[in-house]
Amino acid sequence: MLREISEEVRINLKDRLRDMRQAIRRRRHDSRQASLLPPPPGGHTPFPLPEIEGLLGRAVSAFDDAMTMATTLVPHDGGGNAQARPFETYFRSGRGAIEGERAFRRDMYYLAGAMLARKKALADPVHEAGFAAVHAAMLRQHGGLLHPAGGEAGDTQRTARIAELCAALSVELLRARPVRPRLPEGAAANVLEAEAMLAVSVLVPMALAVALASAGVETEPGSDLLDMAAMAVEARVDRIMPACRAADPVAELTPIFAMLIFHLR
C-alpha cells in the first residue's frame, strides 16, 4: 500500500512540475514579447516598474534554466526520444509490474507529444497520471488477454492477440482521453466531429505503434514505429472511426489492426 501511495505521489509531482515549467516558459515568452511593445500613450511608466519586471524576468529565466539542467542530469530510460515498446514490456507480472507501468506512462507521455507535434495540434496539458489510469484499466479489463494462461500456439494466434490488445488499448485511450487535442477556433464547421477525428488520429497511432513493436515490425532508416503507425491510421481512418463508435469497438477494431500488422510486417 505504501509503495502504491508513493508511486501516486511521484506521478502527481512530475505532472505538477511539468505544468509549472510550462507556465514559467509562457511567462518567459510573454515577458520577451512585452519588452518589444511601444510605451503607452502619455509616456507613463506601466506598473510594475521596468527594474522590477527585469528582476522577475531574470528569476523566471534562471528557474527555467535550472529545471532544464536538472532534467539533463537526472538519469532516465528513453526520455524525449522514447520509442514504443512491446506490450510485454509495459504489462509485466510480479516484481516487474511497477517498472512496466512506469515505462508505459513515460513512453506514452513522449509519444503523445510527438503525435501532437506531427498533427500541429494544440492540447490541454498532458499528464502521466492519465496514462497510469489507462494502464490500470488495461489490467482490470483485459488482464486475461495480457497474460494468457496457455500462451499462443503459433504466429497467427500471436498476431491475433496483438491486434486485439491494440484494439483494447485504443479503446481505453479514447475512453480516458489522457491527451485532449483541440482544434484552432473556426477550423471546422462540425467541431465535435473534427475533434473526435483528431483524437483518434493522435491516440490510436500510439496503440498501433506498441502493437507493431510487439509484432517485431522493423522500420526503414530515418523512420520509426510511430511514423509508420500514424501513416497507417491516416490511411484507414475511414474504417477506424466507425469501429470506435460501434457497440463492441474492440471486436470491430481487431480485424482492422490485424490486417495492418500483417501488411506492415
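The model is predicted, so local features need pLDDT of at least 70 and side-chain atom pairs count only at pLDDT 80 or more, whereas totals for chains, interfaces and linings use all residues. Residues are numbered from 1 along each chain as its sequence is written, and side-chain values use heavy atoms, with hydrogens and water left out.

The protein chain contains nine helices and two strands; helices (H or I, at least four residues) and strands (E, at least two) are DSSP runs, numbered from the N terminus. The order of elements from the N terminus is α-α-α-α-β-α-α-β-α-α-α. Of the 265 residues, 39% are buried, where buried means under 20% relative accessible area, exposed over 50%, and partly exposed in between (1.4 Å probe, protein chains only). Contact denotes heavy atoms within 4.5 Å. Among contacts between residues at least 6 apart in sequence, 74% join residues at least 24 apart.

Confidence is expressed as pLDDT, the predictor's confidence in each residue, from 0 to 100. The chain has a mean pLDDT of 81, with 66% of its residues reaching 70 or more. Confidence is lowest in helix α2 (residues 50–73), at a mean of 57, and highest in helix α9 (residues 249–264), at 97. Over residues 70–78 the pLDDT falls below 50, and this stretch has four contacts in the model beyond near neighbours in sequence.

In soluble globular proteins, nonpolar side chains tend to be buried together. A nonpolar core is a set of buried Ala, Val, Leu, Ile, Met, Phe, Trp, Tyr and Cys residues joined through side-chain atoms within 4.5 Å. The largest such core holds 64 residues, of which Phe131, Met206, Leu208 and Phe257 touch the most other members. Two or more residues each come from α3 (87–90), α4 (97–119), α5 (128–146), α6, α7 (191–214), α8 (225–244) and α9, and α7 gives the most, with 15 residues. Not counting residues up to four places away in sequence, Met206 touches Met108, Leu111, Ala112, Met115, Phe131 and Leu226.

Alanine 168 lies in helix α6 (residues 155–176). This residue counts as buried because its relative accessibility is 0%. Apart from neighbours within four places in sequence, alanine 168 is in contact with Met138, His142 and Val250. Alanine 168 and threonine 254 are separated by 86 residues in sequence, yet their C-alpha atoms are 8.4 Å apart in space.
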